[in-house]
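This report goes through the metal site, the ligand surroundings and some local backbone features of one model. Please keep the sequence and the coordinates at hand while reading.

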Amino acid sequence: KGTTREQRALKYLKEHARQGDPDSVLETFDEFCRTQEWAMNAAEEKGDILDEIVRELQPTTCLELGTYCGYSAVRIARNLSPSARLITIEVNPDYAAVAREVVKLAGLQDKIEVINLDSADVIRELKNTYDVTKLDLVFLDHWKYLYIRDIKLIEEEKLLKKGSVVFADNVIIPGAPGYLEYIRGSKNYKSTFYSVHFEYMDDMKDGVEKSVYIGDE
Ligand SMILES: O=C(c1ccccc1)c1ccc(O)c(O)c1[N+](=O)[O-]
Ligand SMILES: [Mg+2]
């Protein structure tokens, strides 16, 4: 076909979603994934938990690792207060390019910054280059084996404060065993596991982990 799945999804969104309406973009993306092609979005069930976290926490500065096509970036940003912002990191240039279009389609380009770099390199620069003081919300959704590397880097950079929330997708499928062991074993977090369906697959069980930082930073 010459096009990628992500480009086909973007085309569908441009044809069927309402410009400037984040809810319409999300609904249309879910429709695409249920009727045309599966994609690894943090869909309905996971999205509802993410919505709940954002509404309760009212974060000012959010970091997402693993933008993919921007579904969860739009999901987070649509609930942010006017001055709040989301930095989302995507190492794959093709995904990042599609995500920027999806963010624009949702009308959220003033709240979301998509960075096409390796997460570790950006985390080390958040204070100096990206004007970040502390992170209120971190959403881990990139390569599963990198969750533990990056949470340790975030701690090293002293980017968390009491009450910061770290929310991790896919802790069952594909799974992030090293991360789960680390975060649940750490005295600096209070973690809660939520059993949810794997995106768009009503007969597959996945899990997400919400960890509240109670450490001393
Ligand atoms: O790793 C995969 C994966 C592995 C194999 C085939 C397709 C996807 C995946 C699956 C569901 C997710 O929610 C997700 O975030 C990812 N991911 O790549 O980060
Ligand atoms: Mg995921």
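## Terms and conventions

A residue is called buried when its relative accessible area is under 20%, exposed when that area is over 50%, and partly exposed in between, with a 1.4 Å probe and protein chains only. The model is predicted, so that local features need pLDDT of at least 70 and side-chain atom pairs count only at pLDDT 80 or more, while totals for chains, interfaces and linings use all residues. Residues are numbered from 1 along each chain as its sequence is written, chains are lettered from A and ligands numbered from 1 in the order in which they are written, and side-chain values use heavy atoms, with hydrogens and water left out.

## The magnesium site

Three residues coordinate the magnesium ion (ligand 2), namely D141 through OD, D169 through OD and N170 through OD1, at 2.0 to 2.2 Å. Donors here are N, O and S atoms within 2.8 Å of the metal (3.2 Å for Na, K and Ca), and because water is not among the atoms, sites may look incomplete. Along the chain, the donors of this ion follow the spacing D-x27-D-N.

Helices (H or I, at least four residues) and strands (E, at least two) are DSSP runs, numbered from the N terminus. Both D141 and N170 are buried.

## Surroundings of ligand 1

The residues around ligand 1 are M40, D141, H142, W143, K144, D169, N170, P174, F198 and E199, where a residue is taken as near if one of its heavy atoms lies within 4 Å of the molecule. A polar side-chain atom of D141 lies 2.8 Å from an oxygen atom of ligand 1, and a polar side-chain atom of K144 lies 2.9 Å from an oxygen atom of this ligand. From H142, a backbone N or O atom lies 3.4 Å from an oxygen atom of ligand 1. Of the 410 Å² of accessible area that ligand 1 has on its own, the protein covers 69%, as given by the Shrake-Rupley method with a 1.4 Å probe.

## Backbone features

Most residues other than glycine have a negative phi, and most peptide bonds are trans. The peptide bond from I173 to P174 is cis, with omega near -5 degrees, and P174 has its place in helix α8. P174 is also among the residues around ligand 1.

K158, which is not a glycine, has a positive phi of about 50 degrees and is placed in the loop between α7 and β5; because its relative accessibility is 41%, K158 counts as partly exposed. Y200 likewise has a positive phi, near 65 degrees, and lies in the loop between β6 (189–197) and β7 (205–213). Y200 counts as buried because its relative accessibility is 9%.

## Two further buried residues

K46 is found in helix α3 (residues 44–57) and counts as buried because its relative accessibility is 1%. The side chains of K46 and D206 are joined by a polar contact of 2.7 Å; such a contact is a pair of N or O atoms within 3.5 Å, and within protein one must be able to donate a hydrogen and the other to accept it, while residues adjacent in sequence count only if both atoms are side-chain atoms.

I115 lies in strand β3 (residues 112–115) and, at 6% relative accessibility, counts as buried.
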